[in-house]
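Morning, everyone. Please bring up the structure on your screens, and we will walk through it together.

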Amino acid sequence: MADFPFETTVGATAYQVRLDIFDFPKDPNGASATFKMITDETIDGGTPTTKINAATATITEVTDHLDGTWDIRLTYTFTAANLDTADDYLGQWKATYSDASIMYFPFTSTQKMKIRVNAIL
């Protein structure tokens, strides 16, 4: 069984996913963020289905280390429609900075943010 850092049940509401990044070398002030979630098809080889596409998320500065690095937090709050289908999903944040540069989190395809929505028993 895969390790799922976020697991919930169909129909749940008021849940958030959060990613904390430490010693990040980009100033988060003035940045905007979105969240995307697709079905995880790595096991059966199917075509991923987008469940959440570029939904507004928050990016906040938690700590400015005053050395050119920041600790930042990315957060997305699920709606009931986001959690209405039992499946395994992959999540990703996109941050757009004030200089128009874009970064994705997790950073690489080998780093995966796994989300499981379980059926109601």
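Let's start with one residue. Isoleucine 59 counts as buried, because its relative accessibility is 13%. Buried means under 20% relative accessible area, exposed means over 50%, and partly exposed is in between, with a 1.4 Å probe and protein chains only. Isoleucine 59 sits in strand 4. Strands here are DSSP runs of E with at least two residues, helices are runs of H or I with at least four, and both are numbered from the N terminus.

What does isoleucine 59 touch, not counting residues up to four places away in sequence? Pro28, Ala31, Ser32, Ala33, Ile72, Arg73, Leu74, Ala95 and Tyr97. Contact means heavy atoms within 4.5 Å. Take alanine 33: 26 residues from isoleucine 59 in sequence, and 5.9 Å from it in space, C-alpha to C-alpha.

A word on where this comes from. This is a predicted model, where local features need pLDDT of at least 70 and side-chain atom pairs count only at pLDDT 80 or more, while totals for chains, interfaces and linings use all residues. Residues are numbered from 1 along each chain as its sequence is written, and side-chain values use heavy atoms, leaving out hydrogens and water.

Now the core. In soluble globular proteins, nonpolar side chains tend to be buried together. In this model, the largest nonpolar core has 28 residues. A nonpolar core is a set of buried Ala, Val, Leu, Ile, Met, Phe, Trp, Tyr and Cys residues joined through side-chain atoms within 4.5 Å. Which members touch the most others? Val17, Phe35, Tyr76, Phe78, Trp93 and Ile115. The elements giving two or more residues to this core are strand 2 (16-24), strand 3 (32-39), strand 4 (50-64), strand 5 (70-77), strand 6 (87-96) and strand 8 (113-118).

Next, the aromatics. The whole structure holds six aromatic pairs. Rings of Phe, Tyr and Trp (its six-membered ring) pair if their centres lie within 6.5 Å; planes under 30 degrees apart are stacked, over 60 edge-to-face, and the rest tilted. Phenylalanine 35 and tyrosine 76 are stacked, because their ring centres are 5.0 Å apart and their planes are at 15°. Phenylalanine 35 is in strand 3 and tyrosine 76 in strand 5, so this pair ties together parts 41 residues apart in sequence. Tyrosine 76 also pairs with phenylalanine 78: centres 5.6 Å apart, planes at 90°, so edge-to-face.

Buried or exposed? Phenylalanine 35 is buried, at 0% relative accessibility. Tyrosine 76 is buried too, at 6%, and so is phenylalanine 78. Phe35, Tyr76, Phe78 and Trp93 form one aromatic cluster.

Stay on tyrosine 76. Leaving aside neighbours within four places in sequence, its contacts include Tyr15, Val17, Ile52, Ala55 and Asn82. Threonine 75 is in strand 5 and is buried, with a relative accessible area of 12%. With the neighbours within four places left out, threonine 75 is in contact with Gln16, Val17, Arg18, Ala57, Thr58 and Trp93.

On to the strand pairing. Two strands pair if DSSP finds at least two bridges between them. Strand 3 and strand 6 run antiparallel, joined by eight bridges. Threonine 39 has tyrosine 89 in strand 6 as its bridge partner. Strand 6 and strand 8 are antiparallel over five bridges; there, leucine 90 partners lysine 114 in strand 8. Strand 1 (residues 6-9) runs parallel to strand 8, with four bridges. Threonine 9 stands opposite asparagine 118 in strand 8.

Strand 6 has one more pairing to show. Four bridges join it to strand 7 (residues 102-105), and the two run antiparallel. Tryptophan 93 stands opposite phenylalanine 105 in strand 7. Strand 6 and strand 7 form a hairpin with five residues between them. In that turn, alanine 100 has a positive phi of about 75°, although it is not a glycine. Alanine 100 is exposed, at 57% relative accessible area.

Leucine 66 lies in the loop between strand 4 and strand 5 and is exposed, at 76%. Finally, a cis peptide bond joins phenylalanine 105 and proline 106, with omega about 0°. Proline 106 is in the loop between strand 7 and strand 8.
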